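Thanks for coming. I will go through a few places in this structure, one after another. Please have the sequence and the model open.

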Amino acid sequence: MARTPLEKIRNIGITAHIDAGKTTTTERILYYTGKSHRIGEVHEGNTTTDYMEQERERGITITSAAVTAEWKNHRINVIDTPGHIDFNIEVNRSLRVLDGAVFIIEGVAGVQPQSETNWRLADRYNVPRIIFINKLDRTGADFYRAAATLTEKLGINWLALQLPIGIEDTLKGVVDLVTMKALIWEGDELGANYHEAEIPDDLKEKAAEYRQTLLDTALSVDDAAMEEYFDKGDVSVETLKRCIKRGTIDGTFRPVFCGSAFKNKGVQPLLDGVVDYLPAPTDVAGIKVALEEGQEEDPANPARIIPAREDAPFAALAFKIINDKYGNLTFVRVYAGVIRSGDTFMNTTKGHKERIGRMFQMHADKREEVKEIYAGDIVAIVGLKDTGTGDTLADASDPVVLERMAFPVPVIDISVEPKTKDGVEKMTLGLQKLAGEDPSLRLKTDQETGQTILSGMGELHLEIIIDRLRREYGVDANIGAPQVAYRETITKSHTEIYTHKKQSGGSGQFAEVKITFEPKERNEGIEFVNAVVGGSVPKEYIPAVEKGIKVQADTGVLAGFPTVDFKYTLTDGKYHDVDSSALAFEIAAKACFREGMKKAGPVILEPIMDVEVTTPQDHVGDVVGDLNRRRGIIQSQDMAGTSVIVRAHVPLKEMFGYISNLRGMTKGRASFSMQFHHYDPVPRNVADEIMAKSA
Amino acid sequence: MRLRWQRGRIEDPEPGADEASRALEWIGCDDAGDPIARVVRIRGPVLFRWRLRHAVALDDEARVVELRPAVPEGRWLVVVRDRVVGRTRLPLDGVRRAEALLGRGGEASSRS
């Protein structure tokens, strides 16, 4: 593999709402960069990045495929991410390791809910972005309206670098506001070329207006460029590009490109934009070293940053694991140093050594073996024994742990059991491997029924997992109806004293604990405070109290769901010199929890989803009425061309099977998407129903 | 009326910063080189003379002046011949506004 200098590497993601055209755009990128000799189409099920059977059958992206491409002497590592919210984890972990992203916005609907979610995720990781307003060939497309939703919904300062020439079926090309030239595509067939031309007369005035905004905004990030403008009355293309790159990296503004990937218009200038405006690994600050457990970020003493340097000790982050027919493939982003096949490094997250086996540059499902890999690049490693998503690999001379990844909480459960007895072992193995690949998938055994419970991000997510279990591990499984992942919490404070006493001759058990339970805000988790003074509970028994509560909190007092968001303070207790033990204190703490929680106003929480339905106007009444019947609270109704976008908060429980209902109601003309929004207490009647079921 | 614009005062360099300090003001001079207009960056909140000021700018003698009502940090104040004539989001926009006002014989005191 030819060595690419760091400044000529771009690690980018392509992300958007479902069906905004991410995979179609990625396919064009691969075609134009020469990695693929034909263009795959999502609707024909032959795209390069959607290589899993399920992806090709369903026409959606499930996993983030990593592909390497070359454009104008630069290496672009592209990660095409899924749009469906059920696979949000893929977007999350990809954004974590990328230096830049292309956000694709649909030219008809503008910013959609998943675009918003992904945008916020990119904000969290400070990922520089450029925007591509796609599908301008579609009926109802409107560049200016779609761009306006960037302000309305994302509240960002966007900056047009292009304007469309024509729209819908008359889309011919774009005005490049940097060079003030028209780019006209010669037809819309596969791999169409374009030529430069004068800006059409009817667009000259508009182009001049947008060019002025471009200059005003871009030059404001660079005083030397301002001076060049004052001296000459304009700036060179190089100066303007330098300013755009600077503003893109520091987030002052977000450049906007446009076109239609499907009609092969606008992709080559977008690739130029990736090279010109998105950062090389050396253009960004580097990656933060993780804080110690419980340590808070201190502005006076900021976390150490590892800059992208080849001559530094090796540091890399594992961001994805897949199991395929060749074994375990671990995708890593190298932040510093160099690795070679056969080298040994530390997994500093888990504290053990790992040996690097073979390494591959990935082209979706195809691979090219490489012997060494340098800072800034992305590679897949075969043969790592115990490295999970989010783990750091580092040189033993500088065993840093890089900033960890945050994973979403699963909101839906299903029970799963093999159809045949001999499938038990295969199913357990298969599910463990799938859970190892996917941190948003959790596996547990129901203590009462002995059933295996799979928890995931949505019906589609779990459906795909069961399908993969069948195809990849040969296990046919029976699955239960999807169950909502309820939680329990408390609404008021209560102090409980519990004495565990078993002293009937011989060595007995004795422990007494006094614990105050208090509610916390949503998502604040569980907090333990040890406020024991004077040794009324000896130090060595405190961890047992903590363990007892932690274990018991997994089974709430109302219906057995995990209890979340509360604080418990151990204030006092008693012990016996002979009969007290860690086990006695653990038992006392568990019982104290069971008794105390009942008196602390326990409630059941349910996941509330942010639902967006796009429907033709004549079905709005039906859609809104139906959402109301599902305990939904309508948030907004907005016109988008000839459609109406209805947004509502609806409990997940009421959304099972919604798609078939919606199709029936609107004759298949409406579509919807939903994502987790927050947890809310369930109404009394629903709580009674849930408790009756669990009794 | 076209002015000759040049960088005025710059912000204090941050210790250890790699990048050059940014301009705090742009000064527009006439053909004789006399300053006619200024486009001044608004900063804030800043602690100045033991009080937190939400928005401040430098006057032509580099004295810190508190602005009321407060304006978001990073906006620019357009000053023509000692009179504040507007506030803009971007410095170049401020430059054009100053020149436009002067072109109209501008002693106007309109605000954006």
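I start with Ser580(A), which sits in the loop between strand S33 (566-574) and helix H13 (582-598) of chain A. Keep in mind that this is a predicted model. Is Ser580(A) buried or exposed? Ser580(A) has 24 other C-beta atoms within 10 Å, and the cut-off for buried is 20 or more, so Ser580(A) counts as buried. Leaving out residues up to four places away in sequence, Ser580(A) touches Phe510(A), Ala511(A), Tyr541(A) and Tyr575(A). There is also Gly508(A), 72 residues from Ser580(A) along the chain, with 7.8 Å between the two C-alpha atoms.

Next, helix H6 of chain A, residues 201-219. H6(A) has 19 residues and spans 27 Å from its first C-alpha to its last, close to the 27 Å expected. It has a kink of about 25 degrees, centred on Ala207(A). Ala207(A) is also one of the buried residues of H6(A), and the others include Arg211(A), Asp216(A) and Leu219(A). What covers those buried residues? From chain A, the cover includes strands S6 (158-160), S7 (162-165) and S8 (173-176), and helices H7 (223-232) and H8 (237-250). Helix H1 (91-103) of chain B is part of the cover too.

That brings me to the contact between the chains, which takes 9 residues from chain A and 8 residues from chain B. On the chain B side, strand S1 (4-7) and H1 each give two or more residues. H1(B) provides the largest share, 3 residues. By type, the chain B side divides into 5 nonpolar and 3 charged residues, with no polar ones.

How values were computed. Residues are numbered from 1 along each chain as its sequence is written. Chains are lettered from A and ligands numbered from 1 in the order in which they are written. This is a predicted model: local features need pLDDT of at least 70, side-chain atom pairs count only at pLDDT 80 or more; totals for chains, interfaces and linings use all residues. Helices (H or I, at least four residues) and strands (E, at least two) are DSSP runs, numbered from the N terminus. The expected span of a helix is 1.5 Å times one less than its number of residues. The bend at a residue is the angle between axes fitted to the seven residues ending there and the seven starting there. A residue is buried if 20 or more other C-beta atoms lie within 10 Å of its own, exposed if 12 or fewer, and partly exposed in between; C-beta atoms are placed from the backbone. Two residues are in contact if their C-beta atoms, placed from the backbone, lie within 7 Å. Ala, Val, Leu, Ile, Met, Phe, Trp, Tyr, Cys and Pro count as nonpolar, Asp, Glu, Lys and Arg as charged, and the others, Gly among them, as polar.
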